[in-house]
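Here is a briefing on pockets and nonpolar cores. Look at the structure first, then read the points below.

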Amino acid sequence: MEKNYIDVLNEILKDETKIVDLSYTMEENMPVWPTHARYGSDVYESWDYGDAAIHSRITLGEHTGTHIDAPKHFIKGGTPIDELDVKRLMGRGVMIDATNIAPRAVLPLEQIKDFEQKNGEIRKGDIILIRFGWDDKYALQPNGAAFLNDWPGLSKEAAEYFVEKEVSAVGCDALALDAFGCDVNVSHVALLGHGIPILENLTNLSKLPVFSYVIGLPNKFKGGSGSPIRMIAFIA
């Protein structure tokens, strides 16, 4: 029987379904990568100026706040954000608790396999959400130093395992998926090199069960290396 997609959507959005926002509010003084453009907002029109409406000019980097890295970010000739399949960020979210990982350390492959033993196998098309608990350190500047330093990351072996599993995307709640101070961005190279986008600066992963349904939509910047993203999770 052909699926009735309206019924499917209504099932997802039924009253008892909980929606968890996984994205930070875009605002001035939010912590960003030190070499990246900072978020800014300037009012251009306003009722206070005698205008009929209000609007602001927004300036920001592609990787500001909760964002997605397209393959082009690290891979020459990689897919830019405007050509990334929108379905990449629609599917089963798999939340892996990695709050035991120390600052600057990496999540090992063994812990991923232990997770699968307890919860079931990671499947093709899954969206991996790694919770380091780093969003607990998030704060607007000048109080963002703890968030901007010493975060943990994903090991090369675990990243390569996700490639083998053909996951749809991999994300975390830290500033970057590779650990602070690493000499080589092994996770970025492994994942983006195989067309798997990366999500960074996620938040509220502590509110998710192991499995949920997630949707994220980036901006369609022509030739872009990434984009801020609004990411949400549905919990039945």
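The lining of the largest pocket splits into 12 nonpolar, nine polar and three charged residues. Nonpolar here covers Ala, Val, Leu, Ile, Met, Phe, Trp, Tyr, Cys and Pro; charged covers Asp, Glu, Lys and Arg; the others, Gly among them, are polar. The model is predicted: local features need pLDDT of at least 70, side-chain atom pairs count only at pLDDT 80 or more, and totals for chains, interfaces and linings use all residues. Residues are numbered from 1 along each chain as its sequence is written, and side-chain values use heavy atoms, without hydrogens and water.

**Pockets**
- A pocket is an open set of points on a 1 Å grid over the protein atoms alone, where a 1.4 Å probe fits, with protein on both sides within 12 Å along at least five of seven lines; lining residues have an atom within 4 Å of a point.
- The largest pocket holds about 320 Å³ of space.
- Of its 24 lining residues, Trp 33, Phe 74, Ala 176, Asn 185 and His 188 lie nearest the centre.
- The second largest pocket has a volume of about 180 Å³.
- Its lining includes Trp 33, Arg 38 and Gln 141.
- That lining divides into six nonpolar, two polar and one charged.

**Cores**
- A nonpolar core joins buried Ala, Val, Leu, Ile, Met, Phe, Trp, Tyr and Cys residues through side-chain atoms within 4.5 Å; buried means under 20% relative accessible area with a 1.4 Å probe, protein chains only.
- The largest core has 39 residues; Ile 130, Leu 154, Phe 162, Val 170 and Leu 191 touch the most other members.
- Another core, of 20 residues, lies apart from it and includes Ile 81 and Val 214.

Methods: Buried < 20%, exposed > 50% of the residue type's maximum accessible area, 1.4 Å probe, protein only. Points joined across faces, edges and corners; volume = space filled by probe spheres on them.
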